[in-house]
Amino acid sequence: MIDQVALLEDKAEADFSSVDDAGPREHLDSTTPAKLPPAPRNGLLPSLERKRLRAYLALLLGDVAILLGAFFADSVLYFGTVTNWALLEGGMISAYVILPVYLTVALYNGTYSRRALTNWQTSAFRAITALIVAAALVNLLAFFAKSNAEFSRMVFALGLVTTAVLMTAMRFGVSRVLSRKWGPTSLNKMVIHAGGPELTLPHAIHVDAREHGLVPTLDDPRALDRLSKYLRNMDEVVVSCPAEERAAWAQVLKGSGIDGEVTHQLPREIGAVGVVHYDAAGVSALKVSSGQLGIRARVAKRLFDVAVSGLVLLVAAPLMLIVALLIKLEDGGPVFFIQKRVGRGNRFFAILKFRSMRESDDSGAQSTLLEDERVTRIGRFIRRTSIDELPQLINVLKGDMSLVGPRPHALGSKAGSKLFWEVDRNYWQRHGLRPGITGLAQVRGHRGATDTETQLSNRLLADLEYMQRWSLWQDIAILAATLRVITHERAF
């Protein structure tokens, strides 16, 4: 009976294929080839879904083996025995307790996720994070249960370190292998060219809709069936089509059960970052801006700024008083140079610096040259050592600036003959964060005068990269790099 059903299904499939290969002719234009290639019966690529699931399971089992093996090996090395299980159990009990907690945290924080398969840094970071959280929870529970004495602290510490190292090594090897086999994203991706803008995506299957008879018709089951055979086993599909066909392709993709995209140039032209649907009004809007950092990130950055700038001001106060006195004694002029600059949200603020020149240029249209005659003797020293920037710590405490961020420019700053914002319309995006005393552009060597549009573009790219990838650790790294640059310049 089962064999007869299978034969009937094969016959029906063959009948549909014969009709499908001829194509839904009434929906195709005159430029469509008369003879269409047969539709792929099992998709253009084998499915990666089950393979990814097996990879997740392999990673999970590998983590279990590594954790238990690492704690066992460290117990043997520490206690110096293999046969005395009563002694080894004191080291292994921590592994038995931490394992289920680790797996629970790892399953929730994305340790076994699609991205983690081919990005070993992400996978290792999440695994180590789960390991640290699990260790902290186990220690906390053991403290309240008054069972810390049952754990060997040395084996516990050694086991965690060994486990973290081996998990990282395993993920590095797995990601290298899977990236070679599946590509850098572990996804089957297809681009359907249906008369829209030219679109070339690496590591994707590209299909010409006209040549393969793929049309977005909702009133022809044969056309939909043919398209479904091409989409089979795909994880993502992008359709490049003209404006009048977007709605039809969107409707077809919604029923495909996979992630579908339809190209549209307007979001790119206006820099849209998402879509918002107002269902009650029957209107949708393209979201073109959003806050650069979440509330927790903003609080962390601000607390870091206040703590560090306050401490540095306290330590540097004697030096700043001496510098102020020397500036006043040299020519009797003002101690501070105050200039209007653009800050967060494109709002003006007054930036503070120790005055280093006899003549002030409030607009900033004239850049300071290497041997500028306007620079005073004390000014030359404080500019070379960056001491002239110290008063900006007051700007940080006031909230006008941050320790790290896009460097604020004078209003009249030019690259060649153009003002900065005339060179690139993306220039204003850098004001989404508070400006910084230093920044990613500065530690990459983009300091001093900006004479050409290329120099400005390099600065702008660095600023936008910093904003997109912000983290507190990055701020700390940039501050450390800035200190190295200042120390190096002082040495020479």
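Here is a walk through the charged pairs and surface patches of this structure. The model is predicted, so local features need pLDDT of at least 70 and side-chain atom pairs count only at pLDDT 80 or more, while totals for chains, interfaces and linings use all residues. Residues are numbered from 1 along each chain as its sequence is written, and side-chain values use heavy atoms, with hydrogens and water left out.

Let's start with the salt bridges. Side chains of opposite charge can pair when their charged atoms come close. The structure holds 16 salt bridges, each one a side-chain nitrogen of Lys or Arg within 4 Å of a carboxyl oxygen of Asp or Glu. Take glutamate 236 and lysine 189, whose closest N and O atoms are 3.1 Å apart. Glutamate 236 sits in strand 3 (residues 236–240) and lysine 189 in strand 1, so this pair ties together parts that are 47 residues apart in sequence. Helices and strands here are DSSP runs, numbered from the N terminus (helices H or I, at least four residues; strands E, at least two). Glutamate 236 is buried at 14% relative accessible area, whereas lysine 189 is partly exposed at 23%. Buried means under 20% relative accessible area, exposed over 50%, and partly exposed in between (1.4 Å probe, protein chains only).

Next, look at lysine 301 and aspartate 475, which form a salt bridge with their closest N and O atoms 2.7 Å apart. Lysine 301 belongs to helix 11 and aspartate 475 to helix 17 (residues 472–491), so the bridge ties together parts 174 residues apart in sequence. Lysine 301 is buried, at 6%, and aspartate 475 is buried too, at 0%.

Helix 11 (residues 295–331) also holds isoleucine 322. Patch members have over 30% relative accessible area and no salt bridge; nonpolar side chains (Val, Leu, Ile, Met, Phe, Trp, Tyr) are joined within 5 Å, like charges within 9 Å. Accessible areas come from the Shrake-Rupley method with a 1.4 Å probe, and for residues only the protein chains shown count as cover. Isoleucine 322 itself is partly exposed, at 49%.

There's a charged patch as well: Arg50, Lys51, Arg54 and Lys181 gather in a surface patch of positive charge. Helix 2 (residues 49–79) supplies its largest share, three residues. Lysine 51, in helix 2, is partly exposed, at 31% relative accessibility.

Conventions. Lys and Arg count as positive and Asp and Glu as negative; His and the chain ends are not counted. The place of a charge is taken as NZ of Lys, CZ of Arg, CG of Asp or CD of Glu.
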